[in-house]
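Please look over the chain shown here together with its ligand.

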Amino acid sequence: MLRAGLSREETLSTLARIPGIYVPTHPTGRPVVRRRSADLSFPTASVVLTPESEFGDAFLIEIARGCGFGCRFCLAGHLTRPPRYRFLEQLRPQIAAGLCRRRRIGLVGAAVSDHPELEAIAQTIREQRGGFTLASLRADQVTPGLLEGLRSGGTRTLTLAPEVGSARLAAMVGKGFGAEEVLRAVEMARSAGLRRLKLYFMLGLPAEEEEDVRAIAAFVREVRRRIPDGVLSLSIAPFVPKPHTPFQWAAQLSIAETLRRQEMVKEGLRMKRVELSGCACSGRRCGRSASRWRRRACPGRGYRGCSPGETSVWSGCWRRWSHPRCPDGAGP
Ligand code: SF4
């Protein structure tokens, strides 16, 4: 289309005719069908390299698509099945090309640590005197070899996503691992010399009770005992129901309740030298964060049938949507 020199309007109407592409300004009247690449024999890697981007110091290579674990809150685990991989032989040219441009390779995929050749890929990068980085590792797939590879490649932080603090909630969301695996991964990280740890949690999952919220703080205190001298940071994001997941119709917490539960976690972590994000430490920023997460649920579940109030969220008009006297009658 670019080569044909189509106008913007011609480009949009051509795209709208391709199954799997939804162009809001050109509705076809047919449901949008899901399309996926059955095999990944084509390469996907960084095209534009700039220090202004999130991973500006790395050359990104996609090594996997989809995830087979199916955590019940996660879109990737339900919409992008089955998992598909690019294997080492296929990746060698991209690794070589990437290391000519950057010292680090960023390995991209929904569940990268599930890749059957991850250690071999990491080893190949290291043999070429490069480093590598991963978005996050599943705690039950952390190995000493992977951690050593990350450390020697310049990574200082291990990122894990326990999501919940209690075994009861872990079983409910189908995470597939629990506190024991996370604590084992933390100890391996410590032995490998990784002194920074980032943990992701969610608040407000369906069936969450007060004891589950307290369990987050108790679990983090246990982690702190395992790395008394390390830097520990926590992201506590409110749960956002995603379409096409088993939790798609689950209710979201109110902003006030989100703030109350965030406070409970913070209270349980007093004096534990833990950095918090997602729920920042000052009350005002906490409120902003909670309302931002609540706002995110709306466009995620919306479609052409959304009320004007709901669709106004797209344009950032949060006040119009959340105001009780909103003229179009929509609200959270
Ligand atoms: S949370 Fe991670 S492991 Fe679970 S389904 Fe999503 S991508 Fe897979």
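This is a predicted model: local features need pLDDT of at least 70, side-chain atom pairs count only at pLDDT 80 or more; totals for chains, interfaces and linings use all residues.

Residues are numbered from 1 along each chain as its sequence is written. The chain has 12 helices and 9 strands; helices (H or I, at least four residues) and strands (E, at least two) are DSSP runs, numbered from the N terminus.

**Burial and contacts**

- Of the 332 residues of the chain, 32% count as buried. A residue is buried if 20 or more other C-beta atoms lie within 10 Å of its own, exposed if 12 or fewer, and partly exposed in between, with C-beta atoms placed from the backbone.
- Among contacts between residues at least 6 apart in sequence, 67% join residues at least 24 apart. Two residues are in contact if their C-beta atoms, placed from the backbone, lie within 7 Å.

**Core**

- The largest nonpolar core has 65 residues, of which Ile 61, Ile 63 and Leu 107 touch the most other members. Such a core is a set of buried Ala, Val, Leu, Ile, Met, Phe, Trp, Tyr and Cys residues joined through C-beta atoms within 7 Å.
- Helix α8 (residues 210-226) gives the most to this core, with 7 residues.
- At least three core residues come from each of domain 1 (40-135) and domain 2 (136-295); the domain bounds come from an automatic or database domain assignment.
- Beyond four places in sequence, the contacts of Ile 63 include Tyr 85, Leu 91, Leu 107 and His 115.

**Strand β1**

- In strand β1 (residues 58-62), 4 of the 5 residues are buried.
- β1 runs parallel to strand β4 (residues 104-108), and 5 bridges join the two. Strands pair if DSSP finds at least two bridges between them.
- Within this pairing, Ala 58 stands opposite Arg 104.

**Ligand shell**

- The residues around the ligand are Cys 67, Phe 69, Gly 70, Cys 71, Cys 74, Ala 76, Gly 77, Ala 110, Ala 111 and Arg 138. A residue counts as near a molecule if its C-beta atom, placed from the backbone, lies within 6 Å of it.
- By class, this shell has 7 nonpolar, 2 polar and 1 charged residues. Ala, Val, Leu, Ile, Met, Phe, Trp, Tyr, Cys and Pro count as nonpolar, Asp, Glu, Lys and Arg as charged, and the others, Gly among them, as polar.
- Gly 70 lies in the loop between β2 (64-65) and α2 (76-79), and is partly exposed because 14 other C-beta atoms are within 10 Å.

**Leu 99**

- Leu 99 sits in helix α3 (residues 88-101) and has 18 C-beta neighbours inside 10 Å, so it counts as partly exposed.
- The C-alpha atoms of Leu 99 and Gly 130 are separated by 6.5 Å, although the two are 31 residues apart along the chain.

**Backbone exceptions**

- The peptide bond from Arg 81 to Pro 82 is cis, with omega near -10°. Pro 82 is in the loop between α2 and β3 (84-85).
- Ala 207, not a glycine, has a positive phi of about 75°. This residue is exposed, with 10 other C-beta atoms within 10 Å.
- His 244 has a positive phi near 70° and lies in the loop between β8 (231-238) and α9 (255-268).
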